Amino acid sequence: MDRSRIIVTAVVLALLGAIVPIAAMFHLSWTQAVQNEYERLHQFASRAIARADMSLDEANDALRQIDRFSGIPCSAEHIARMRQLTINTRTIEEMGYFENGLLKCSSWGPTEGRVARSRPDFITSDGIAVTARMQPVMSVGHTLMALQFKHHNALVDPVRFADVVVDPGVQLALTTKTGILLGTLNGPDPARVEKIVAGPEEGIDDGLLFATARGTGWIALATEPESQILDSVRRQQLLLLPLGAFIAAFIIGMVVWLSRRRLSPLGELQIAVRKREFIVHYQPIVDLKTGRCVGAEALVRWKRPDGSLTRPDLFIPLAEESGLITAITDQVIALVVFDLNSLLVADRSIHIAINLSAADVGTERVLPIIAKALQHTGIQPQQIWLEATERGFVDIEAARSALARARELGHAVAIDDFGTGYSSLSHLEGLPLDALKIDKAFIDTISTNSATSSVTSHIIDMAKTLKLTIVAEGVETQAQSDYLVERGVEYGQGWLFSKPMPAAEFIAYCWRAEIRPRGGR
């Protein structure tokens, strides 16, 4: 992922981080307010059920009391007892006595005419037959509910069943389970009541919030306009929006923090390692006398997604500091084997030098990785040189052990960029080395009158004393090449021969160098 994609992604995530929590809190405040209203309406509906049950119990108790009357039916004493129960029972409007299915007398007195017992709409579990709506003889125009037990009945005003205290704007309705409307409070529309009780227990119907409660034989419905909950929504918003703002600020902060990490040099390098964005260019090492290519130094390059290349000096120090250098070294080893397998098998005289970091010079970590990479390839260990700079010898004893093990496995070991560190002759004498590479800074002084021009010859003499193969780095002129040949330097690399190149170009260079005159570009 390149910088532009990271920036675009960060902006999108930041916008989502700002919008989503706030929108979620708006939605949650509405949902919570609605849920709170549902619970409140459920309470009112449940109260209506409780009030209806209480009214039914009162009427039931009165019916059972009158059923226990042992006197003569419809006598003055019997009628007085029914009248007494009617007056003392708040729920009951009138009581009556039936004989052979006809009303014989009521709490008002003897009955004239034929009044048949009403057909019940349902029967409760304790044997009370309920007729939801009927027209009594004595209260014309006022529909009542009839409760029947054996020979007696009690007439109840349905309003008593919904007689509960509610908040302003709340409407109540009580229906039978068969859908017959028994009573209402604050007047909900009967058609809508019938529609709602046939559906779910709670919801919103055309701008009306509703909740129902179900009792033994009836259903209570509580409703209120949807606009009634706006105050509740605002209260929820006052509680939830600060939380949403905090979450949004936290998400944006995390996005900025993560983006800055990914956009930082270290963050980009971590992505590059994970996505294996590294390639290898090869700078040929030639025999200074013959011009024949004897190998190359593997130089890592960071190829970004846009195709641009980043020089090693811009990321290797950071890789070493962060510990990512070991992963990069492992990728370089794999790339060398992949790029040059055929060439190295075809020409055993060619070697490839791989640079080791200080982290690998002091341990043997990289050796089994190289061994595994070479398995089944036909490449011989001696064709893989290991190069370490003087700055890599932080722990001389550890370095000596690791390099000795590398040589036991067949690898040649070279000290790279010699002269730029602090190595002394005694250090070199104690290290298991095969080759010494003279840094370009000293090669540049050849044929000049600089104060350090004589150092080059001393380095060459010291390397010969230690019987080390010498490779001169950064050879750019024929005069430099001639000087090195005269002093017995075997190999050189630099722009006089070739710049670092991709694998395919290096392979072609190797074949051309077999027939090219010495010193040609």
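Hi everyone. Before we start, one definition: when I call a residue buried, I mean under 20% relative accessible area. And please keep in mind that this is a predicted model.

With that in hand, let's go to W302 and F315, which are both buried. Their rings form an edge-to-face aromatic pair, with 5.8 Å from centre to centre and 85° between the planes. W302 sits in strand 14 (residues 293-303), while F315 is in the loop between strand 15 (309-310) and helix 6 (316-322), so this pair links parts of the chain 13 residues apart.

F278 takes us to the nonpolar cores. In the largest one, which has 71 residues, F278 is among those with the most contacts, along with Y282, I328, I352, L484 and F506. Which helix gives this core its largest share? That would be helix 7 (residues 325-346), with 9 residues. There is also a second, separate core of 46 residues, including F44, F161, V170 and L209.

Back to aromatics. How many aromatic pairs does a search of the whole structure find? The count is 5. One of them is F122 with W218, edge-to-face at 6.1 Å centre to centre and 80° between the planes. F122 belongs to strand 4 (residues 122-123) and W218 to strand 12 (residues 218-225), so the pair ties together parts 96 residues apart in sequence. Both of these residues, F122 and W218, are buried.

Key. Residues numbered from 1 in each chain as written. Predicted model: local features only at pLDDT ≥ 70, side-chain atom pairs only at ≥ 80, totals over all residues. Heavy atoms only, no water. Core = buried A, V, L, I, M, F, W, Y, C linked by side-chain atoms within 4.5 Å. Buried < 20%, exposed > 50% of the residue type's maximum accessible area, 1.4 Å probe, protein only. Helix = DSSP H or I, 4+ residues; strand = E, 2+ residues; numbered from the N terminus. Phe/Tyr/Trp six-rings, centres within 6.5 Å; stacked < 30°, edge-to-face > 60°.
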